[in-house]
Amino acid sequence: MKLLKIVMQNMPRFKGNIDIDFITKQRVDEDDKEKLYNVFSNIYTNQVISFIGLNASGKTTILKVISFVINLLNNEALNSIKSKEILNELSEKEKVIIISYFYNENSIYKLETTIAKKVNHVDNEEKLVIVEERLWEKDASKVKTKKGLFDFRDTDIRIERNEKEQFLLDDVSVMIAINKEKQSNFPLRNMLMWTNYNMLNILGRFPKELLTFLDPSIEYFECNVEKKSADIRLKFYGSEEIILNRPSEIERYLSSGTIKGINVFMNALFCFIEGGYLIVDELENHFNEEIVTTLVRFFMNPSVNKRGATLIYSTHYSELLDEYERNDCIYIVRNRGGIYAENLSLILKRNDIKKSEAYESGYLEGTVPVYEAYMALKKALSNVKAGKGDEK
C-alpha cells in the first residue's frame, strides 16, 4: 500500500489545511525516474520528503500529524496512538477532517474521516471518536492524469459510517476492513520518541559494514535479547571484548553519532525490506554531513530501496536540500498566525537554483531569523554585566 496524499482540515494550531503530497507534483523526466518509485502508470512518489523551517515553526508537529494519520490507516485505535497529542487542543464543538488517498492492488482509495472529542462531564474524561467516515475506491487503470487521481466525484462510496450507525469501536477506522481483506497495511518505523533520547533502541546483530561506516575501530557489536537480561558484546580492534547487561551502558563506549547511526540505519534497513515509512525528527542531530547525505542517497537509490520505502524527516540543515534535484519533495514550514507547510515547487519554480542559498538568504520568506529579533537579542547580550568574580 502506498500513500498518495494527506489532507487535514480544522487542525488545532494550524493555519488553513495541511496538504502533504507523496506523489511528484512536478514533471518527471527520464533522468528523474531512477530516483523515484513508480506506483503505477505515470504516477511516481518521492522517496524522501523533507520539512525544513526555523525553530518552533512546527516541523515536529507536522511529523506527528503524518504519524497519526498512518497509524489511523493501520486501524490503530485513536486513543492508543502516541501522537494523538496533536489533538489535545481540540474543543468539544470542533471536528477535524482527515482525507487520505492511497493505492493498493490497482485500486485508488479516498478515505474521509471526521474526528471529534467526546467529554464525559461526570468524571471529566476525554476521548477521541470517529463521528463520520466514508471510503471510496476506483480502478487505477482508468486514471489518466495526476489531477484525475484525486477526483472521486463520479465514484460510489464503498463503506460509510456515521454517528448513529456505528458498527465498529468509535475510535477505530473502517480501514480495518480493507487491511483485513487485502492482508496489508502501511509499515511504519517512527523515531519521533527518540528525538531527545539518544540511546540504542534496536537490539540484535548489527551488520559489519554498518559498524565500519559509523566507527572503523569497532570489530563487532551484537546484542542477544533471548535472555532475560540483554547479553551485549562489544569489541574494538586491539582491545578485549566488553560485556554489558543494559543498553543504557553502551553510551559509555560508543559516541552519540554511532548510537544514532545504528538506530536510524537499522530502521532504514527494515523499511527497505517492508517498503514502508521512516519518520525521523531533526535528522542531522548527532550526525556529520556525510552520514546524513548517505542515508538520503540510499532512499533515492533503487538498487538499495527496491520496494519504494519513504524517508520523512525534519531538519534545520539547509545544505541538505542541495542533495535534491527536485523541489517537490521539500516543504518549507512556517508559523505565522498558525503552522503551515508550503511545497517548495510552488515557491521556487526552477530546479537549478541552489536551494540552500534561497533558504538562507530569506528569498523564500520566513526562513531566516527576523532581523529585529536578532538585533534585540544582540543588544540584550551586550548589556549583560559581568558577575563580581568575573570582573577584571
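Trainee: In which sense do β5 and β15 pair, and over how many bridges?

Mentor: Good place to start, and keep in mind that this is a predicted model. Strands of a sheet pair through backbone hydrogen bonds, in either a parallel or an antiparallel way. Here β5 and β15 pair in the parallel sense, with 5 bridges. As one example, Val 48 has Leu 311 in β15 as its bridge partner.

Trainee: Which strands form the open sheet, and in what order?

Mentor: Read across it and you get β10-β14-β15-β5-β16-β17, 6 strands with mixed pairing. β10 (188-190) and β17 (339-343) are at the edges; each has a single partner strand, so one side of each has no neighbour in the sheet. On average, neighbouring strands are turned by 15° against each other, ignoring direction.

Trainee: What does α6 touch as it packs on the sheet?

Mentor: α6 touches β5, β14 and β15, and its direction makes about 150° with that of β15. Helix α5, in turn, lies across β10 and β14, running at about 155° to β14.

Trainee: Which residues of α6 are buried?

Mentor: Recall that an α-helix has 3.6 residues a turn, so residues three or four places apart point the same way. In α6 (residues 289-299), the buried ones are Ile 291, Val 292, Thr 293, Thr 294, Leu 295, Val 296 and Phe 299. Their packing partners include α4 (208-214) and α5.

Trainee: And which residues touch the most other members of the largest nonpolar core?

Mentor: In soluble globular proteins, nonpolar side chains tend to be buried together. Among the 49 residues of this core, Phe 221 and Leu 311 touch the most other members. Helix α5 (residues 256-274) supplies the largest share, 8 residues.

Terms used: Residues are numbered from 1 along each chain as its sequence is written. This is a predicted model: local features need pLDDT of at least 70, side-chain atom pairs count only at pLDDT 80 or more; totals for chains, interfaces and linings use all residues. Side-chain values use heavy atoms; hydrogens and water are left out. A nonpolar core is a set of buried Ala, Val, Leu, Ile, Met, Phe, Trp, Tyr and Cys residues joined through side-chain atoms within 4.5 Å. Buried means under 20% relative accessible area, exposed over 50%, partly exposed in between (1.4 Å probe, protein chains only). Helices (H or I, at least four residues) and strands (E, at least two) are DSSP runs, numbered from the N terminus. Contact means heavy atoms within 4.5 Å. Two strands pair if DSSP finds at least two bridges between them. Axes are lines fitted to C-alpha atoms, for helices over the stretch in contact, and angles run from 0 to 180 degrees between N-to-C directions.
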